Amino acid sequence: MTHIDFHTNVPDKLPFTCRLIRKAANEGWQVVVFCTDADEQARLDQALWTFSEHDFLPHVAAEDPLAAVTPVILTCREDQPLPHNRLLINLSTLSPTHFARFERLIEVVSTDADETDAGRQRFAYYRQRGYPLKHHPRSANEQPVQ
């Protein structure tokens, strides 16, 4: 069964997500990131190239021919075939229809009121279906994920 972690009250989702990806990649995990739309996917792609001058995180879009051999996959399409099933990071306000095929799901919820409401609805959805849930609220003075 998929284990689900909610990281809420995240002031800036893209740098936070880059740090999550770096941590997972350093532990040898393959990662799929589900973005809200193509614009967010492009911004995350750019952020992964620039967020750290000391780290290189190989990543491609899900439709790239190298997706099966690349540890980090970015997508915003539900119908896209995905080569990995270990960790899914969701940046969308929707629950990805394919989340249950992953060992772990991390939901990243910003401080935006609409995103917070959508996050609460996803939390309730998962809880009603019996998924193991953990909640990690961020405080205003909390240091970012390393």
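Which residues of α3 are buried? In this predicted model, where residues are numbered from 1 along each chain as its sequence is written, local features need pLDDT of at least 70, side-chain atom pairs count only at pLDDT 80 or more, and totals for chains, interfaces and linings use all residues. Side-chain values use heavy atoms, with hydrogens and water left out.

The buried residues of α3 are Glu115, Ala118, Gly119, Arg122 and Tyr126, where buried means under 20% relative accessible area, exposed over 50% and partly exposed in between (1.4 Å probe, protein chains only). Seen down the axis of α3, these residues fall within an arc of 105°, so they line one face of the helix; the arc is that of the directions from the helix axis to the C-beta atoms. The face turned away from the buried side carries the exposed residues Ala113, Arg120, Gln121, Arg127 and Gln128. The cover over the buried residues of α3 includes β1, α1, β5, β6 and β7 (133–137). Helices (H or I, at least four residues) and strands (E, at least two) are DSSP runs, numbered from the N terminus.

Helix α3 comprises 16 residues, 113–128, and spans 23 Å from its first C-alpha to its last, close to the 22 Å expected at 1.5 Å a residue; the expected span is 1.5 Å times one less than the number of residues. At the start of α3, a side-chain oxygen of Asp112 comes to within 3.1 Å of the backbone nitrogen of Asp114. Just after the helix, Gly130 adopts a positive phi of about 85°.

Strand β6 (residues 104–110) has six of its seven residues buried, so it is largely enclosed by the rest of the structure. It pairs in the parallel sense with β1 (residues 3–10) over six bridges, pairing being assigned if DSSP finds at least two bridges between two strands. Asp5 has Ile106 of β6 as its bridge partner. Strand β5 (residues 87–90) also runs parallel to β6, to which it is joined by four bridges, and Leu88 stands opposite Leu105.

Conventions
Contact = heavy atoms within 4.5 Å. Polar contact = N/O pair within 3.5 Å; in protein donor to acceptor, adjacent residues only side chain to side chain.
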